[in-house]
Amino acid sequence: MVRQLFVVALLASCGNSGGFPDAAIPDTPASGTFSLTWTVVDQNNAPLDCDRIASQSMTVLPHHKDFEGGNPQLFTCKGGMGTSQQVFGGLYDLNFELSGTFGLLARGATQFNVNIPAGTNTVLDPITFQVEAIGSLALNIASGATGGNCGAANAGGAGIDGFSITLNRNSDVACAPLMLTIAQGATQPGGTYMIDCTTPVVAPCIEADQTITASGISSDAYTIHIKGKVGQNDCYLNNDSIQVPPLQKTLTRVLNLAPQTGPGC
């Protein structure tokens, strides 16, 4: 008799205030799917390729209205369309995020009270992500010589007399005619450098402590070509691929020069 009273008392304590969720997930809930399309545009509403902003993923964050949770649904940015895995049937609020190498890039408009019936596929409203596809660069050039880029070779330096710099977009090899600003260094003066891929200008030697900056650059993948000259010879080279970030972010990078063994080097 005592045992029966204990069980009744325990059951009575398990009401709404007993710590149990109001609406538990069914053991075998009926499920459905949703499908959607999305586009990415830049600050001028022009179509924007995912590669230009280093975007890899588009994520749908579903929240079921009747219980907590909902598994994120992951799609590739470049796909532009997709269908979810099976989700529990019912009403959802849906959030949308575009992400990539530089983190969260944009959010799409939330879709509220979307009914996703079991046993069917529900087509969502199209999603648009807008991303400001403009960024900046902050670069340094390093030869690795203990005496610096510009120091004499017989004093441990690289002995570089001057540099030429060009920049080409990877997608079509088009030249990016940027104006670079070269900061004042401890031993070398600052200045500017205008990129001209057809007839590159040879600038005075740039030391490792001089940061080279440019802003307002169209986000994209580029290859930078740097030639460190000893006399008239290209004795130090760099051909790094770089990604100019979106959202006015700055790519900071040290560009390491590879010494050459040709004549005069």
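The questions and answers below go through a predicted model and the grounds for the terms used to describe it.

Q: How do you know how confident the predictor is in this protein?
A: The mean pLDDT is 90, and 88% of the residues reach 70 or more. pLDDT runs from 0 to 100.

Q: What makes residues 1-25 a stretch to read with caution?
A: Over residues 1-25 the pLDDT stays under 50. Local features need a pLDDT of at least 70, so residues 1-25 fall under that cut-off. For this stretch the model has 7 contacts beyond four places in sequence.

Q: What does the secondary structure of the protein come to?
A: The count is 1 helix and 20 strands. Of the contacts with a separation of 6 or more, 66% are between residues 24 or more positions apart. Buried residues make up 42% of the 265 residues. The accessible surface comes to about 14,100 Å², and carbon and sulfur atoms hold 55% of that area.

Q: Why is serine 99 called buried?
A: Its relative accessibility is 17%. Buried means under 20%, so serine 99 counts as buried.

Q: Which residues are in contact with serine 99, leaving aside its neighbours within four places in sequence?
A: They are Ser55, Gln56, Ser57, Leu104 and Leu105. A contact requires heavy atoms within 4.5 Å. Serine 99 is found in strand 6, residues 90-100, and its bridge partner in strand 7 is leucine 104.

Q: How do you know that strand 6 and strand 7 pair?
A: Pairing takes at least two bridges. Strand 6 and strand 7 are joined by 9 bridges, so they meet the condition, and they run antiparallel.

Q: Why are strand 3 and strand 7 said to stand at the edges of their sheet?
A: The sheet is open, has 4 strands in the order 3-2-6-7, and its pairing is antiparallel. Strand 3 (73-76) and strand 7 (103-116) each have a single partner strand, so one side of each has no neighbour in the sheet. On average, neighbouring strands of this sheet are turned by 20 degrees against each other, direction ignored.

Q: What makes the pairing in the sheet 13-12-15-10-19 worth a separate description?
A: This open sheet has 5 strands, and its pairing is mixed. Strand 13 (191-194) and strand 19 are the edge strands, each pairing on one side only. Isoleucine 182 has isoleucine 212 as its bridge partner in strand 15.

Q: Which residues touch the most other members of the largest nonpolar core?
A: The core has 30 residues, and those touching the most other members are Phe163, Ile165, Leu167, Leu178, Leu180, Ile212 and Ile226. Among the strands that each supply at least two residues of this core are strand 10 (134-142), strand 11 (162-169), strand 12 (179-182) and strand 16 (220-230). A second, separate core has 27 residues, including Cys50, Val60, Phe75 and Leu94.

Q: Why is strand 11 described as largely enclosed?
A: Of its 8 residues, 7 are buried, so strand 11 is largely enclosed by the rest of the structure.

Q: How do you know which strands pair with strand 11?
A: With strand 14 (residues 203-204) there are 2 bridges, and with strand 16 there are 8. The cut-off is at least two, so both count as pairs, and both are antiparallel. Glycine 162 has proline 204 as its bridge partner in strand 14, and threonine 166 has histidine 225 in strand 16.

Q: What makes strand 17 a partner of both strand 16 and strand 20?
A: Strand 17 pairs in the antiparallel sense with strand 16 over 5 bridges, and in the antiparallel sense with strand 20 (residues 258-259) over 2 bridges. Isoleucine 226 stands opposite asparagine 238 in strand 17, while tyrosine 236 stands opposite proline 259 in strand 20. The hairpin of strand 16 and strand 17 has 2 residues between the strands, and glycine 231 takes a positive phi near 65 degrees there.

Terms used:
Residues are numbered from 1 along each chain as its sequence is written. This is a predicted model: local features need pLDDT of at least 70, side-chain atom pairs count only at pLDDT 80 or more; totals for chains, interfaces and linings use all residues. Side-chain values use heavy atoms; hydrogens and water are left out. Buried means under 20% relative accessible area, exposed over 50%, partly exposed in between (1.4 Å probe, protein chains only). Axes are lines fitted to C-alpha atoms, for helices over the stretch in contact, and angles run from 0 to 180 degrees between N-to-C directions. A nonpolar core is a set of buried Ala, Val, Leu, Ile, Met, Phe, Trp, Tyr and Cys residues joined through side-chain atoms within 4.5 Å. Accessible areas come from the Shrake-Rupley method with a 1.4 Å probe; for residues, only the protein chains shown count as cover.
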